[in-house]
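My notes follow in the order I took them.

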Amino acid sequence: MGNKIIIAIDGHSSTGKSTVARRLAKELGYVYVDTGAMYRSVTLYAMENNFINKEEFDIQSLESELSKINIRFEINAETGRNEVALNGINVEKKIRTLEVSSHVSKVAAISKVRTKLVEQQQEMGKEKGIVMDGRDIGTVVFPNAALKLFMTATAKDRAERRYKELIEKGEDVSYEDVLKNVVNRDHIDSTRKDSPLRKAEGAVVIDNSNLTLEGQFEQILKIAKDAIAKQ
């Protein structure tokens with residue numbers, strides 16, 4: 001195998017980016033970074049400090065407290081998974097709720113939030129051997145990544161997956177609310193001024209509307225191994 005590379009995975013919400021990225025990193029012996037978890041952590045901080053709710057968003061207060069937000073990834077000794085800690089507290093479960101999902105795109109659209117987190121992400125990638133997923137990894141964070149993937153699927157397919165996931169976790173949600181959330185996040189992610197969601201130049205598109213999880217993973221693993229072999 002060649003030298004270690006950076007693998008950048010972008011795409012719409014609920015396309016299974018994190019699942020694929022985590023598994024790919026494990027298979028290749030790479031470090032996995034879930035940038036969505038970083039934005040969700042900032043969102044949780046904003047919610048817990050009453051900076052954001054359904055009616056309003058106090059952007060200035062959040063911006064003034066960004067220096068107080070410390071996000072780290074720590075290995076969960078029981079599961080062996082990389083989980084996110086916000087100011088020293090594991091918030092992996094708290095950040096996955098539909099309530100956090102309903103605010104995260106608005107928080108991620110704030111330039112100062114993106115600047116802070118992009119700097120951290122670029123620092124994490126200095127050693128290469130990393131798989132990172134998000135909305136702007138191949139376009140902004142690592143535009144020179146050796147492999148860029150762009151994952152997509154229909155809003156209906158993504159909402160169905162997300163709905164099943166939330167129900168399995170015991171969340172009390174309706175399919176209609178989940179679908180609305182998916183469509184709304186697509187709109188905010190794609191139309192924001194700062195680093196909008198778009199396919200990076202040279203990215204390989206993976207439309208998994210009709211792919212099984214296994215079929216999709218085999219396809220992506222082959223693409224990754226080919227990219228590494230070229231280094």
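I started with α2 and asked how enclosed this helix is. I found 12 of its 14 residues buried, so α2 is largely enclosed by the rest of the structure. I keep in mind that this is a predicted model.

Next I listed the buried residues of α2. They are T35, A37, M38, Y39, R40, S41, V42, T43, L44, Y45, A46 and M47. The list includes R40.

Then I checked the length of α2. At 1.5 Å a residue, its 14 residues should span 20 Å. I got 20 Å between the end C-alpha atoms, which agrees.

What caps the N-terminal end of α2? I found D34 there, with a side-chain oxygen 3.1 Å from the backbone nitrogen of G36. After α2 comes N50, and its phi is positive, near 60°.

**Entry: E65**

I moved on to the loop between α3 (59-64) and β3 (71-75), where E65 sits. Is E65 buried or exposed? Its relative accessibility is 18%, and the cut-off for buried is under 20%, so E65 counts as buried. I then looked up its contacts, leaving out residues up to four places away in sequence. E65 touches Y45 and F51. Y45 is also on my list of buried α2 residues.

**Entry: the largest pocket**

The largest pocket has a volume of about 1200 Å³. It is lined by 48 residues, and the closest to its centre are S18, T19, R96, R162 and E165. I noted the elements that give two or more residues to this lining: α1 (17-28), α2 (35-48), α4 (98-108), β6 (130-134), α7 (155-168), α8 (175-191) and α9 (213-229).

By class, I recorded 26 charged, 16 polar and 6 nonpolar residues in the lining.

**Entry: the second largest pocket**

I put the volume of the second largest pocket at about 450 Å³. Its lining has 15 residues, and K54, L98, E99, S102 and D177 lie nearest its centre. Two or more lining residues come from each of α4 and α8.

Terms used. Residues are numbered from 1 along each chain as its sequence is written. This is a predicted model: local features need pLDDT of at least 70, side-chain atom pairs count only at pLDDT 80 or more; totals for chains, interfaces and linings use all residues. Side-chain values use heavy atoms; hydrogens and water are left out. On a 1 Å grid over the protein atoms alone, a cavity is a set of points where a 1.4 Å probe fits but cannot get out, and a pocket is an open set with protein on both sides within 12 Å along at least five of seven lines; lining residues have an atom within 4 Å of a point. Grid points are joined across faces, edges and corners, and a volume is the space filled by probe spheres set on the points. Helices (H or I, at least four residues) and strands (E, at least two) are DSSP runs, numbered from the N terminus. Ala, Val, Leu, Ile, Met, Phe, Trp, Tyr, Cys and Pro count as nonpolar, Asp, Glu, Lys and Arg as charged, and the others, Gly among them, as polar. The expected span of a helix is 1.5 Å times one less than its number of residues. Buried means under 20% relative accessible area, exposed over 50%, partly exposed in between (1.4 Å probe, protein chains only). A polar contact is a pair of N or O atoms within 3.5 Å; within protein, one must be able to donate a hydrogen and the other to accept it, and residues adjacent in sequence count only if both atoms are side-chain atoms. Contact means heavy atoms within 4.5 Å.
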